2 protein chains.
Amino acid sequence: MLTTEFEQPTMDDYPSRKHHTPALIYRRDRTVWGGADSGPLDDAALRGYDDRGYLQIEQLITPAEVESYTAELERLSADARLKGDERVVVERGSEEVRSIFEVHRISEVFAELVRDPRIVDRARQILGSDVYIHQSRVNNKPGFSGTDFFWHSDFETWHAEDGMPRMRAVSISIALTENHVHNGSLMIMPGSHRTFVSCVGETPDDHYRESLKRQEVGTPDQGSLSILAEQHGIDVLTGPAGGAIMFDSNCMHGSNGNITPYPRANVFVVYNSVENTCVAPFAAAKPRPAFLGARDFTAV
Amino acid sequence: MLTTEFEQPTMDDYPSRKHHTPALIYRRDRTVWGGADSGPLDDAALRGYDDRGYLQIEQLITPAEVESYTAELERLSADARLKGDERVVVERGSEEVRSIFEVHRISEVFAELVRDPRIVDRARQILGSDVYIHQSRVNNKPGFSGTDFFWHSDFETWHAEDGMPRMRAVSISIALTENHVHNGSLMIMPGSHRTFVSCVGETPDDHYRESLKRQEVGTPDQGSLSILAEQHGIDVLTGPAGGAIMFDSNCMHGSNGNITPYPRANVFVVYNSVENTCVAPFAAAKPRPAFLGARDFTAV
């Protein structure tokens with residue numbers, strides 16, 4: 001046996017958390033898999049998504065729907081049976097509910113939303129296949145004290161920790177409140193989805209417990225981020241409640257904190273292609289719990 | 001003697017840190033004291049300043065000047081003789097220099113800048129009198145980790161802790177780097193300068209040592225801030241290096257954190273009217289040190 005742990009040849013196109021220095025690696029997957037004839041997005045929308053790695057939908061759901069999803073979010077946040085559930089993330093100190101994961105399995109209302117053709121037809125079109133839900137959650141960030149979320153590629157974590165093989169997943173964030181430039185809205189470096197930032201560090205066991213609060217391992221280095229920002233710039237994605245953003249799994253994104261009085265709430269769903277189901281993690285001892293990275297690959 | 005401590009009549013139009021509940025109080029001072037004939041600002045600029053409480057100057061200093069002030073800022077930040085000087089504020093941990101106060105007394109280069117007629121003529125015009133420097137500083141905030149600065153009115157602190165009697169001071173912030181919507185630029189609630197937010201809490205002794213890092217006493221309450229934001233909205237002030245913002249002492253302002261790679265550096269000077277020189281603090285045992293609130297009222 002000549003191969004040592006350090007010399008093992010790898011089939012991993014997107015190595016991360018394996019080396020001592022960061023690297024910028026070309027993407028080896030298509031971004032858009034379907035054509036204009038296979039769904040509601042037209043040529044221009046698909047081309048924009050291919051170029052920038054994201055697209056915005058001005059009004060995906062109606063004001064009445066925004067109201068009803070907000071009411072459901074409030075009901076779930078107050079539900080005593082969910083206190084202590086590991087899928088519910090609360091604020092240290094205030095104990096206010098910040099996120100509820102796997103919300104499509106917790107709530108009938110959200111279960112219906114994640115199967116909604118307005119969303120699923122677009123996800124199928126972009127990914128060129130049937131899709132299943134890799135993760136779902138609702139987020140509720142208060143005004144005055146919203147914390148930042150540092151730059152990251154979701155795919156880096158899903159690949160390293162959940163075993164997602166390739167970049168063939170799309171996230172949708174549906175706004176339940178207005179996103180302004182000043183209240184910690186999503187920032188994306190447009191076009192950054194074409195570059196994979198290989199991160200340094202090794203995944204600790206049960207890393208997800210810490211990383212839900214503040215991620216350190218799997219965080220891109222400042223040098224790589226400066227290069228990407230210089231090359232691509234930074235878009236701040238604003239829009240009304242009821243609007244939505246669909247973005248590629250490898251977009252470099254993050255958000256600043258929020259001292260304004262305006263809270264932010266949204267529904268977040270990740271669709272993965274059924275031709276891209278998760279295997280063993282590429283850089284972790286075992287996969288994260290299923291509420292963070294599904295192991296049930298049944299198509300919606 | 002019938003008057004008790006609680007019943008004492010007060011001549012203070014802007015009480016703060018004296019009561020148990022916050023209050024919104026009408027401003028009792030003019031914002032603009034001079035006319036279009038008394039300086040470089042025309043009628044429209046003065047009217048805009050009167051309405052919004054601030055004005056922007058697209059290019060106040062040249063790119064060459066931006067370079068030379070940046071070089072001077074770097075020279076001062078590296079100056080070993082200034083380490084340990086209480087006027088120099090360093091980052092906890094990294095020991096990087098974040099702010100240098102009273103910079104016009106520390107550096108000949110900045111001494112010249114604060115006397116520059118392009119600035120002083122405008123300050124005199126707005127305040128309708130000769131002016132002196134209440135405070136000066138340079139700020140240098142890194143990218144990737146810039147922290148937020150919560151909403152506040154400078155006048156609240158200057159009145160409570162420095163004994164500035166009335167709202168007749170103007171601040172200028174001269175940008176040495178570009179201000180984007182996404183890198184923690186100054187946010188102002190336009191028109192908020194017409195309302196004084198009376199804050200709760202009592203000023204602790206030597207409060208300034210803590211408040212330079214994170215202010216708690218003298219912080220407006222969330223209810224008042226929500227009312228002001230609803231009424232006035234929030235402007236995010238962007239612009240190129242070399243541009244400047246002049247704003248009234250009572251503007252409600254703050255800034256979000258900054259996870260982008262883009263640092264922010266600026267020169268900040270407060271001009272007060274010589275007819276508004278500081279007396280004993282209105283809500284503190286003794287005035288702050290002179291490098292934070294000058295006790296030398298010599299006109300520039």
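**The interface and its side chains**

Between chain A and chain B, eight residue pairs are in polar contact, both residues being at pLDDT 80 or more; a polar contact is a pair of N or O atoms within 3.5 Å, where within protein one must be able to donate a hydrogen and the other to accept it, and residues adjacent in sequence count only if both atoms are side-chain atoms. The elements that give two or more residues to the side of chain A that touches chain B are strand 6, helix 8 (222–232) and strand 12 (253–255) of chain A. Of the elements of chain A, helix 8 gives the most to that side, with five residues. Helices (H or I, at least four residues) and strands (E, at least two) are DSSP runs, numbered from the N terminus.

This is a predicted model, in which local features need pLDDT of at least 70, side-chain atom pairs count only at pLDDT 80 or more, and totals for chains, interfaces and linings use all residues. Residues are numbered from 1 along each chain as its sequence is written, chains are lettered from A and ligands numbered from 1 in the order in which they are written, and side-chain values use heavy atoms, with hydrogens and water left out.

The contact (heavy atoms within 4.5 Å) takes 24 residues from chain A and 24 residues from chain B. The two chains bury about 2000 Å² between them, 68% of it on carbon and sulfur atoms; buried area is the accessible area (1.4 Å probe) that two parts lose on being put together, summed over both.

Aromatic rings are considered next. Over all chains the count comes to 18 aromatic pairs, where rings of Phe, Tyr and Trp (its six-membered ring) pair if their centres lie within 6.5 Å, and planes under 30 degrees apart count as stacked, over 60 as edge-to-face and the rest as tilted. The rings of A:Phe144 and B:Phe150 have centres 6.3 Å apart and planes at 50°, so this pair is tilted. A:Phe144 lies in the loop between strand 5 (131–141) and strand 6 (149–152) of chain A, and B:Phe150 in strand 6 (residues 149–152) of chain B, so the pair joins two chains. A:Phe144 counts as buried at 10% relative accessibility; buried means under 20% relative accessible area, exposed over 50%, and partly exposed in between (1.4 Å probe, protein chains only).

Within the chains, the structure holds 42 salt bridges over all chains. In chain A, the side chains of A:Arg75 and A:Glu72 meet in a salt bridge at 3.0 Å, N to O. These residues are three apart in helix 2 (residues 63–78) of chain A, and are therefore separated by about one helical turn. A:Arg75 is partly exposed at 42% relative accessibility, whereas A:Glu72 is buried at 8%.

In chain B, B:Asp13 and B:Arg166 form a salt bridge at 2.9 Å, N to O. B:Asp13 lies in the segment before strand 1 (23–26) of chain B and B:Arg166 in the loop between helix 6 (154–162) and strand 7 (169–175) of chain B, so the pair ties together parts that are 153 residues apart in sequence. B:Arg166 counts as partly exposed, at 30% relative accessibility.

Conventions
Salt bridge = Lys/Arg side-chain N within 4 Å of Asp/Glu carboxyl O.
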